[in-house]
Amino acid sequence: MSFKRTLVTAALPYANGPVHIGHLAGCYLPADIYVRYLRSAGKDVKFICGSDEHGVPITIKAKNEGISPQQVVDKYHKIMGDAFKEFGISFDIYSRTSSKTHHQTASDIFKKLYDKGVFTEQVTDQYYDEEAKQFLADRYIVGTCPKCGNENAYGDQCEKCGTSLSPTELINPHSMLSGSKPVLKQTKNWFLPLDKLSPKIKAYIEQHKDWKPNVYGQCKSWLDSGDGLQPRAMTRDLDWGVPVPIKGAEGKVLYVWFDAPIGYISATKDLIPNEWEKYWKDKESRLIHFIGKDNIVFHCIIFPAVLMEHGEFILPDNVPANEFLNLEGDKISTSRNWAVWLHEYLLEFKDKQDVLRYTLCANAPETKDNDFTWKDFQAKNNNELVAILGNFVNRTLVLTHKYYEGHVPDALEYSKEDLLILEEITKAPDKIAASLEQFRFREALGELMNLARIGNKYLADTEPWKLIKTDEKRVKTIMNISLQITCNLAILCEPFLPFTSNKLLAILNINPIKWNGAKQTTNMHPGHKINKEELLFSKVEDAEIEAQVKKLHDSKEANKAKLPSPEGEGLGVRSPQKPEITFDDFGKMDIRIGTVLEAEKVKGADKLLKLKIDTGIDVRIVVSGIALYYTPEEMLNKQVSILVNLAPRKIKGIESQGMILMAENNKGELSLVSPVKPDVNNGSVVK
Ligand SMILES: [Zn+2]
């Protein structure tokens with residue numbers, strides 16, 4: 001089937017942190033290459049993206065930083081938008097889901113499905129923070145993992161042992177907001193009955209056996225798994241997002257994965273208010289979503305189900321999702337700062353956008369996870385961009401100036417060898433296009449570089465710099481052909497290396513030519529004057545690479561001590577500060593330095609030690625939960641900090657008269673808090 005127009009979307013990046021190379025390789029770069037190719041081929045295409053600004057992680061980040069969610073998204077919307085632009089990602093619009101258009105659009109679509117009776121209502125028990133007066137998303141609840149005992153497990157997952165959890169499984173759950181123990185409370189939400197819709201979804205997926213095997217396979221495995229698809233809540237108890245537009249849903253917002261893909265529709269409306277429907281509702285339009293593999297379920301199952309039930313929209317025609325890109329052999333992690341950030345790259349490698357574009361495309365994780373290393377980045381630049389493409393182009397330009405003062409010479413007589421080269425040139429655009437149309441970007445880039453290799457080899461074989469002394473006529477033909485190849489490279493490299501393409505077109509002193517123009521071998525007319533040559537690429541030195549690798553390892557070290565973050569892929573942040581107290585509040589606590597006189601294990605409790613302590617004011621018994629970290633022997637004669645005026649309480653039948661102060665690290669391990677200098681007497685006041 002042929003299409004009149006194409007709408008290409010790239011996953012809406014989440015507005016709680018900047019963009020890294022994993023995001024670029026996963027979807028933004030392939031999407032941009034594809035769109036640039038379609039534009040060059042003269043197709044009607046629109047390229048849509050924007051920031052995804054709703055959801056729980058943004059509200060957590062806002063709380064941790066003491067700013068509003070709107071301030072969080074304003075900050076990252078700008079950082080991301082600027083970085084994309086500077087990297088040459090050529091969105092027709094970079095919109096955002098906190099916009100008015102989006103709220104209205106998402107609201108309308110929800111309302112339509114609601115009015116059609118698509119949703120089912122379900123009342124469920126959910127944890128509620130009575131102090132903060134709000135329902136708690138899974139990530140807002142921390143407790144002890146029932147599997148491994150990690151005390152910092154989240155309501156959806158223990159990051160220590162990897163078990164996925166539901167909040168009610170946590171032992172001793174507490175709220176990230178107030179620290180209080182949450183209570184279960186009933187709440188009503190609206191569910192998309194994916195179980196009931198599953199036959200329709202299945203029929204849709206099965207029409208798309210042409211999808212990439214990783215995408216089609218993942219969809220099939222969900223549909224065919226034992227339990228099949230399950231209903232999923234499309235509303236949440238949260239105060240940040242698109243308010244649920246129905247009565248009785250006050251204080252609730254649309255589920256972020258209900259509203260985010262609708263962001264593509266809203267953005268199209270903002271871009272072309274009078275024409276957007278053509279792209280979304282006309283059967284002759286084609287919708288393509290570029291995403292990373294973690295978003296497949298939302299784009300191949302949930303969003304199509306929403307569109308189907310709505311009834312007016314076309315469905316995604318293809319979802320060419322990529323796998324993940326790793327970095328130096330390790331998973332990219334923003335919380336460990338194991339990433340190459342785009343905005344930093346752009347500062348540190350000025351005017352080298354195309355080098356990163358080239359490396360990421362050449363290593364794109366198209367069929368399996370792949371690795372980015374700085375060594376490989378250097379090798380790709382020095383051995384391919386500089387040594388093949390750059391070298392061929394530079395030789396051609398230099399010789400043209402040297403022999404003909406920059407004028408294109410006439411091709412006088414083609415040899416057999418020349419005719420073979422000319423044939424290769426004319427075939428190149430279709431070869432590259434065929435790969436691009438199947439979303440095989442690495443293969444397409446390989447075909448482009450083959451054309452540069454052909455040129456390089458042609459010059460090396462014919463050696464015009466030697467021939468010029470004996471056969472000027474022949475050299476004219478060789479240089480004419482080399483200039484034709486150079487020109488066609490400028491056209492064909494544009495989707496991959498747009499900055500290089502622009503630079504080369506300027507040197508060649510010609511206007512951009514459409515894709516099929518590269519099938520011609522006469523674009524550079526005899527007599528045409530080219531501009532002074534300039535190097536397209538420069539070498540990346542060892543020192544630059546070493547600096548990058550060192551930077552990565554340094555930041556990894558610096559981040560080691562940080563807690564895993566409830567924002568998932570956000571910065572590591574410790575539990576929030578408790579509410580403010582006065583100095584008088586603090587003054588009520590009587591903390592002294594004491595020395596442990598005796599220590600023994602408490603029977604039937606592996607975590608507890610019974611300590612006899614000289615507090616300087618008396619000798620008393622304290623029961624302390626440090627037995628997993630200190631043996632009784634280690635505790636003997638240790639100086640400790642002790643809260644002496646804490647009301648006594650019985651622990652395992654022993655009256656504990658005070659509390660030993662301890663520091664707890666991110667693994668839940670305890671350490672005594674002791675004076676640093678040796679001459680602090682028992683009874684000294686900690687203040
Ligand atoms: Zn665990």
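**A first look around**

Guide: Happy to, and let's start at the metal site: along the sequence, the residues that donate to the zinc ion follow the spacing C-x2-C-x9-C-x2-C. Keep in mind that this is a predicted model.

Visitor: Which residues are the protein donors of the zinc ion?

Guide: They are Cys145, Cys148, Cys158 and Cys161, each through its SG atom, lying 2.3 Å from the zinc ion.

Visitor: And is the site tetrahedral or irregular?

Guide: The zinc site is tetrahedral, as the angles among its 4 donor atoms run from 106 to 114 degrees. Cys145 sits in the loop between strand 6 (141–144) and strand 7 (153–154), while Cys158 sits in the loop between strand 7 and strand 8 (171–175), so this pair ties together parts that are 13 residues apart in sequence.

Visitor: Are Cys145 and Cys158 buried or exposed?

Guide: Cys145 is buried, and Cys158 is buried too.

Visitor: Let's zoom out. How many helices and strands are there in the protein?

Guide: The protein has 20 helices and 26 strands. Its C-alpha trace spans about 110 × 70 × 45 Å along the principal axes.

Visitor: What percentage of the residues count as buried?

Guide: Of the 687 residues, 52% count as buried. As for contacts between residues at least 6 apart in sequence, 72% of them join residues at least 24 apart.

Visitor: I can see helices 16 and 17 packing. At what angle do they pack?

Guide: Helix 16 (residues 472–492) and helix 17 (residues 498–508) pack at about 140 degrees, and their axes are 9 Å apart.

Visitor: Why are helix 16 and helix 17 called oblique rather than roughly antiparallel?

Guide: Roughly antiparallel needs an angle over 145 degrees. At about 140 degrees, helix 16 and helix 17 are therefore oblique to each other. Their crossing is left-handed.

Visitor: Which residues make the contact?

Guide: Helix 16 brings Leu483, Thr486, Cys487 and Ala490, and helix 17 brings Ser501, Leu504, Leu505 and Leu508.

Visitor: Where are Asp351 and Glu463 found?

Guide: Asp351 lies in the loop between helix 10 (342–348) and helix 11 (353–362). Glu463 lies in the loop between helix 14 (441–462) and helix 15 (464–467).

Visitor: How accessible are Asp351 and Glu463?

Guide: Asp351 has 70% relative accessibility, so it counts as exposed. Glu463 is partly exposed, with a relative accessible area of 28%.

Visitor: What about Thr105, is that buried or exposed?

Guide: Thr105 is buried, because its relative accessible area is 3%. You will find Thr105 in helix 4 (residues 100–115). Leaving aside residues up to four places away in sequence, Thr105 touches Ile262, Ile265, Ser266 and Lys269.

Visitor: One last stop: where is Asp369 found?

Guide: Asp369 is in the loop between helix 11 and strand 16 (370–372). Asp369 is partly exposed, at 32% relative accessible area.

Visitor: Which residues does Asp369 touch?

Guide: Not counting residues up to four places away in sequence, Asp369 touches Lys293, Glu323, Phe324 and Asn326. From Asp369 to Lys638 it is 52 Å in space, C-alpha to C-alpha, and 269 residues in sequence.

Terms used. Residues are numbered from 1 along each chain as its sequence is written. This is a predicted model: local features need pLDDT of at least 70, side-chain atom pairs count only at pLDDT 80 or more; totals for chains, interfaces and linings use all residues. Side-chain values use heavy atoms; hydrogens and water are left out. Donors are N, O and S atoms within 2.8 Å of the metal (3.2 Å for Na, K and Ca); water is not among the atoms, so sites may look incomplete. Four donors count as tetrahedral if all angles lie between 85 and 135 degrees; four count as square planar and six as octahedral if opposite donors are over 155 degrees apart and all others between 65 and 115; anything else is irregular. Helices (H or I, at least four residues) and strands (E, at least two) are DSSP runs, numbered from the N terminus. Buried means under 20% relative accessible area, exposed over 50%, partly exposed in between (1.4 Å probe, protein chains only). Axes are lines fitted to C-alpha atoms, for helices over the stretch in contact, and angles run from 0 to 180 degrees between N-to-C directions. Angles under 35 degrees count as roughly parallel, over 145 as roughly antiparallel, 65 to 115 as roughly perpendicular and the rest as oblique. A crossing is left-handed if the near helix is turned anticlockwise from the far one by less than a right angle, and right-handed if clockwise. Contact means heavy atoms within 4.5 Å.
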